[in-house]
Amino acid sequence: MFDLLVLGGLGVDLRVRVPQLPLPAADSLTVPPIDLRIGNTGAGVALAARALGLRVAVVDVLGADPAGEVVRRALERAGVHAELVVDPGGTRRSVNLVDPAGRRMSLYDPRPWQGPPPFAPQRLAALARDAAHVHVSIMDWVPPLLPGLRAGLPTGVGLSTDLHDWDGDNPYHRPFAEVADLVFVSGVRLGDRAGALAAALAPRTTAVTRGADGAELFAGGAPPVRVPAAVAPAPVVDTNGAGDAFAAGLVAARL
């Protein structure tokens with residue numbers, strides 16, 4: 001039995017601390033040490049939830065390459081159960097540029113999945129039946145499996161997804177939103193359209209994150225609940241994984 005099952009979103013990050021964003025035009029810059037580490041959204045949710053004490057399982061595709069080995073070892077160290085299929089295209093990776101104020105620019109290499117879904121619907125349904133909550137990353141191999149996943153969820157098992165910086169219009173994100181009970185979305189592209197989007201997604205609960213301005217929770221057609229950001233106990237130096245940690249914390253609290 002798992003508290004949380006995470007579908008998709010494993011990869012590696014190269015985090016590079018830079019003097020400013022955007023970068024000045026130059027042939028080269030000297031930067032602090034650059035580390036290759038586990039990253040991407042599914043890993044962020046899974047590891048944050050594990051740090052909060054949840055029993056976590058993750059399902060995804062991963063390359064049989066050095067980057068994939070970084071991910072496998074990190075999940076093993078954290079005690080996260082992983083069911084993985086080898087992706088011949090290799091492991092997803094990002095280069096994340098972080099400035100002194102903690103702002104980030106991510107250069108994402110998705111390594112698109114080729115072919116039919118890597119997991120049988122029956123296997124995902126069995127894993128979901130053994131979980132208290134399912135969180136779905138917006139990976140390219142997932143959409144064909146969403147209807148069966150939703151239909152097979154036992155009563156009382158919640159399903160969430162993070163649409164990241166969705167603009168509300170891109171059709172790729174909509175199937176993920178339509179199967180979820182809890183939708184996370186950044187307000188960075190929505191602006192003042194967040195309320196209209198949440199109304200369109202009702203009766204789903206929608207959490208709109210706004211960075212240092214906190215978040216808004218839209219639930220069941222009720223007026224939005226605005227929650228200010230907590231005061232950070234120290235200067236913010238790296239925003240990588242902040243949204244993933246937010247999602248994991250809210251899921252853990254609901255459980």
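**Entry 1: burial and overall form**

I looked up burial, and found that buried residues make up 44% of the 255 residues in the protein; buried here means under 20% relative accessible area, exposed means over 50%, and partly exposed lies in between, with a 1.4 Å probe and protein chains only. I note that this is a predicted model, in which local features need pLDDT of at least 70 and side-chain atom pairs count only at pLDDT 80 or more, while totals for chains, interfaces and linings use all residues. Residues are numbered from 1 along each chain as its sequence is written, and side-chain values use heavy atoms, with hydrogens and water left out.

I then looked up the overall form: the C-alpha trace spans about 55 × 45 × 35 Å along its principal axes. The radius of gyration, taken over C-alpha atoms, is to be set against a globule rule of 2.2 Å times the number of residues to the power 0.38. For 255 residues a compact globule would have a value near 18 Å, and the protein has 18 Å, which agrees. The accessible surface comes to about 12500 Å², of which 58% belongs to carbon and sulfur atoms; these areas come from the Shrake-Rupley method with a 1.4 Å probe, and for residues only the protein chains shown count as cover.

I recorded seven helices and 13 strands, where helices (H or I, at least four residues) and strands (E, at least two) are DSSP runs numbered from the N terminus. Contact means heavy atoms within 4.5 Å, and among contacts between residues at least 6 apart in sequence, 64% join residues at least 24 apart.

**Entry 2: the nonpolar cores**

Which residues touch the most other members of the largest nonpolar core? I found Leu5, Val134, Val136 and Trp141, in a core of 39 residues. A nonpolar core is a set of buried Ala, Val, Leu, Ile, Met, Phe, Trp, Tyr and Cys residues joined through side-chain atoms within 4.5 Å. The elements that each supply at least two residues of this core include strand E1 (2-7), strand E4 (56-62), helix H3 (121-129), strand E8 (131-136) and helix H6 (194-201). H6 gives the most to this core, with four residues. I also recorded a second, separate core of 26 residues, which includes Leu4, Ile38, Ala43 and Leu182. In soluble globular proteins, nonpolar side chains tend to be buried together.

The C-alpha atoms of Trp141 and Gly115 are separated by 8.7 Å, although the two residues are 26 apart along the chain. Gly115 itself is in the loop between strand E7 (104-109) and H3, and is exposed, with a relative accessible area of 57%.

In helix H1 (residues 41-51) I found that the buried residues are Thr41, Gly42, Ala43, Val45, Ala46, Ala48 and Ala49. What covers them includes E1, E3, E4, E8 and helix H7 (242-254). After H1 comes Gly53, whose phi is positive, near 100°.

From Leu201 to Asp181 I noted 9.6 Å, C-alpha to C-alpha, for 20 residues of separation in sequence.

**Entry 3: backbone details in the loops**

Which peptide bonds are cis? I found that the bond from Leu21 to Pro22 is cis, with omega near -5°, and that Pro22 lies in the loop between strand E2 (11-17) and strand E3 (35-39). The bond from Ala202 to Pro203 is also cis, with omega near 10°, and Pro203 is found in the loop between H6 and strand E11 (205-209).

I also looked for positive phi in residues other than glycine, and recorded Arg111, with phi near 45°, in the loop between E7 and H3, where Arg111 counts as partly exposed at 24% relative accessibility. His164, with phi near 55°, lies in the loop between strand E9 (158-162) and H5 and is partly exposed, with a relative accessible area of 26%.
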